[in-house]
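Trainee: Before we go through the terms, could you show me the model?
Mentor: Here it is.
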Amino acid sequence: MGKNLNGNELGKGLTQEKTGLYLARYVDRNGKRQSKRFKKLQEARKWLADSIFLDEHSNPMYPGNMTCNAWFATWIEMKKTSVRPGTIEVYTSYYNNTVKDIIGDMQLSDVKPIQCQMILSKMAERGYHQGTIKHTRIVLYGMFEAARENDIIISNPMKRSLKIEIGKPAKVREALSLEDQKKLFKTLIGHKYENQYCFAMQTGLRVGELVGLKFEDADLKNRTLRIRRTMKYDHTSKEWRSGPPKSAAGNRTIPLTDLAIDILKKQKEQNSKLKVVPLEFREYVFIDESGLIKYGSYDSALGWVCKKIGIKSITMHNLRHTFATRCVQSGMAPKTLQTILGHSTINVTMDLYVHTTEEEKFREIDKVSEMLKVI
């Protein structure tokens, strides 16, 4: 039994040193002595109790003194069996860029909510957007929760009470006005990516889905298109990677407009005239002589055209927003639009992808103006 400086008993494994600090110590299951000093007796008692419990009940495959770096490497390897390669790349990027320098060398069991808040606050100071900060919190919560479920730590330090409404406000991806839409696509006539931009506007596909299209996915007789894959370029390995759509709802069959069918026929004819195409890409719809076209090429070319004609610069994803907005303006049922876009819930469809234009506001208010009169 240890004692404090006044000679009072503190309990097994606890003692107060001449410096005033409280020393907590125990011998772990491997016969190694573990110890730590604290300013407060309450903190020493809690650490000792938690450490002994963890040592007695922890998973022997994953020792409690693992560092965050070591556990992340283990956890991300396990995640590879359940998530897409692109998601693994994003998780790893979040960890390496925002987490590693702060808690990477710390033992998992030593990480507290204050360190987790520090990670998020540092991200805000560095100019990260709110969405990125929230996603980083989700990744860290999952990492620590897996450690808790495997008896490596007692509780998850990434608490819900942490402040995450920090950082730059998320960029609002707006739909094109009808006037700007007409102006843009008139200018795109003859552009090298005209077919891709027009097809995106006719279908609302994500850019990865559009890049991953094969001619076998289209049933021109029944006017349908199957979305079964997405393609993403891995800049590390310098190769294209094929994977399933973003979610289970992303595996879908959508109807094709007459213009969309015409674009597919036109693109097939253009592809037949290409002199050299890598064999691995010949089945894909939207290609050039080097094969598939990177996302950035589409966005940069589109931005250049917008600047040329004097409208707000947009990306391929804005075309998806514009498609969704036009569908709603034309009276399409939200549930139908959800299916076409491949969203898991109707809330995502309505909250993120449908925007009210200024013209629509005035048109709708005019419809009810008579009923609003009070005299």
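Trainee: Which residue of β7 does Ala218 stand opposite?
Mentor: Ala218 stands opposite Leu225 in β7. This is a predicted model in which local features need pLDDT of at least 70 and side-chain atom pairs count only at pLDDT 80 or more, while totals for chains, interfaces and linings use all residues. Residues are numbered from 1 along each chain as its sequence is written, and side-chain values use heavy atoms, with hydrogens and water left out.
Trainee: What makes β6 and β7 a pair?
Mentor: Two strands (DSSP runs of E, at least two residues, numbered from the N terminus) pair if DSSP finds at least two bridges between them. β6 and β7 (residues 224–227) have two bridges, in the antiparallel sense, so they meet that definition.
Trainee: Why is one side of β6 and of β10 left without a neighbour in the sheet?
Mentor: The open sheet has three strands in the order β6-β7-β10. β6 (218–219) and β10 (252–255) stand at the edges, each with a single partner strand, so one side of each has no neighbour there.
Trainee: How many bridges join β8 to β9?
Mentor: Five bridges join β8 (residues 230–234) to β9 (residues 239–243), and the strands run antiparallel. Tyr233 stands opposite Trp240 in β9. In their hairpin, with four residues between the strands, Lys238 takes a positive phi near 60 degrees.
Trainee: Which residues does Leu319 contact, leaving aside neighbours within four places in sequence?
Mentor: Contact means heavy atoms within 4.5 Å. On that basis Leu319 is in contact with Leu176, Phe185, Tyr197, Ala200, Met201, Leu302 and Ile314.
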